[in-house]
Amino acid sequence: MTEQTPNPAQAAANEEAETPRAGDAAPATDRPAATGGASAAAPARGPASGGAATVSELEDRLRRALADLDNLRKRYDRELARERAAERARLAALWLPIVDDLDRALEHADGDPTALIEGIRAVRDQAVTTLAQLGFPRFTDVGRPFDPARHEAMGVVRADAPAGTVVAAVRPGYGNDESLLRPAGVVVAGGSSNG
């Protein structure tokens with residue numbers, strides 16, 4: 001292959017044509033370097049044409065990454081909605097036997113009142129068991145020190161118990177130390193009656 005040396009006017013015109021203007025994309029060239037000093041000319045031209053390709057490639061990768069992120073968000077939203085629906089259905093299924101037992105108790109409401117009361121107690125026990133299975137066991141904590149995280153003070157009385165001790169439960173609480181559904185409504189000892 002023979003090397004040709006272009007005249008200086010032609011080289012200046014080629015260089016001016018290859019220099020990108022502000023806002024223009026750098027043109028891609030398939031021509032080899034026109035001068036014998038290819039190593040000196042290539043860095044000046046290479047980044048300009050390679051830069052446009054790199055920017056285009058990076059923009060394409062950015063668009064793809066944003067689309068993937070959007071698809072991931074949509075898939076997560078669908079899975080979350082599906083999991084919530086499944087959990088609601090599981091919870092409702094646990095309560096169906098309780099509703100059935102209440103219906104049976106109401107059917108026998110005209111009969112013996114003692115049997116009705118026993119039936120209602122059995123349904124209540126079944127509901128309490130269901131809450132415990134869901135992670136919310138029933139508690140009253142009578143005799144334990146008052147804990148504002150687990151108890152709601154409904155009143156204070158003088159009692160033969162150390163001050164700050166739960167002496168009665170007005171309303172039971174449901175839950176445990178990690179997950180509290182409702183605090184227990186309690187009456188707290190305010191001091192000794194011998195005092």
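Modeller: A salt bridge means a side-chain nitrogen of Lys or Arg within 4 Å of a carboxyl oxygen of Asp or Glu. Keep in mind that this is a predicted model.

Biologist: Then what makes Arg150 and Asp141 a salt bridge?

Modeller: Their closest N and O atoms are 3.1 Å apart. The cut-off is 4 Å, so the pair qualifies.

Biologist: Are these two residues buried or exposed?

Modeller: Arg150 and Asp141 are both buried. That word requires under 20% relative accessible area.

Biologist: How many salt bridges does the rule give?

Modeller: The count comes to 12. In general, side chains of opposite charge can pair when their charged atoms come close.

Biologist: How do you know that Arg73 pairs with Asp70?

Modeller: The N to O distance between their side chains is 2.9 Å. The limit is 4 Å, so this is a salt bridge.

Biologist: What puts Arg73 and Asp70 about one helical turn apart?

Modeller: Both sit in helix H2, with a spacing of 3 residues. An α-helix has 3.6 residues a turn, so residues three or four places apart point the same way.

Biologist: What links Asp77 to Arg73?

Modeller: Another salt bridge, with the closest N and O atoms 3.3 Å apart. Asp77 and Arg73 are 4 residues apart in H2, about one turn of the helix. The network of salt bridges here joins Asp70, Arg73, Lys74 and Asp77.

Biologist: Why are Arg73, Asp70 and Asp77 called partly exposed?

Modeller: Partly exposed lies between the 20% limit for buried and the 50% limit for exposed. Arg73 has 44% relative accessibility, so it falls in between. Asp70 has a relative accessible area of 29%. Asp77 has 38%.

Biologist: Which residues make the nonpolar surface patch?

Modeller: Leu62, Leu66, Leu69 and Leu72 make a patch of about 400 Å².

Biologist: Which residues of H3 are buried?

Modeller: Val123, Ala127, Val128, Thr130 and Leu131. They cover an arc of only 155° around the axis, so they lie on the same side of H3.

Biologist: What follows H3?

Modeller: Gly135, with a positive phi near 100°.

Biologist: How many of the residues count as buried?

Modeller: The figure is 15% of 195 residues. The protein exposes about 14200 Å², and carbon and sulfur atoms supply 56% of that area.

Biologist: What share of the contacts with a separation of 6 or more joins residues 24 or more positions apart?

Modeller: Such pairs account for 57% of those contacts. A contact here means heavy atoms within 4.5 Å.

Technical notes
Residues are numbered from 1 along each chain as its sequence is written. This is a predicted model: local features need pLDDT of at least 70, side-chain atom pairs count only at pLDDT 80 or more; totals for chains, interfaces and linings use all residues. Side-chain values use heavy atoms; hydrogens and water are left out. Patches are made of residues with over 30% relative accessible area and no salt bridge: like charges are joined within 9 Å, nonpolar side chains (Val, Leu, Ile, Met, Phe, Trp, Tyr) within 5 Å. Accessible areas come from the Shrake-Rupley method with a 1.4 Å probe; for residues, only the protein chains shown count as cover. Buried means under 20% relative accessible area, exposed over 50%, partly exposed in between (1.4 Å probe, protein chains only). Helices (H or I, at least four residues) and strands (E, at least two) are DSSP runs, numbered from the N terminus. The arc is that of the directions from the helix axis to the C-beta atoms.
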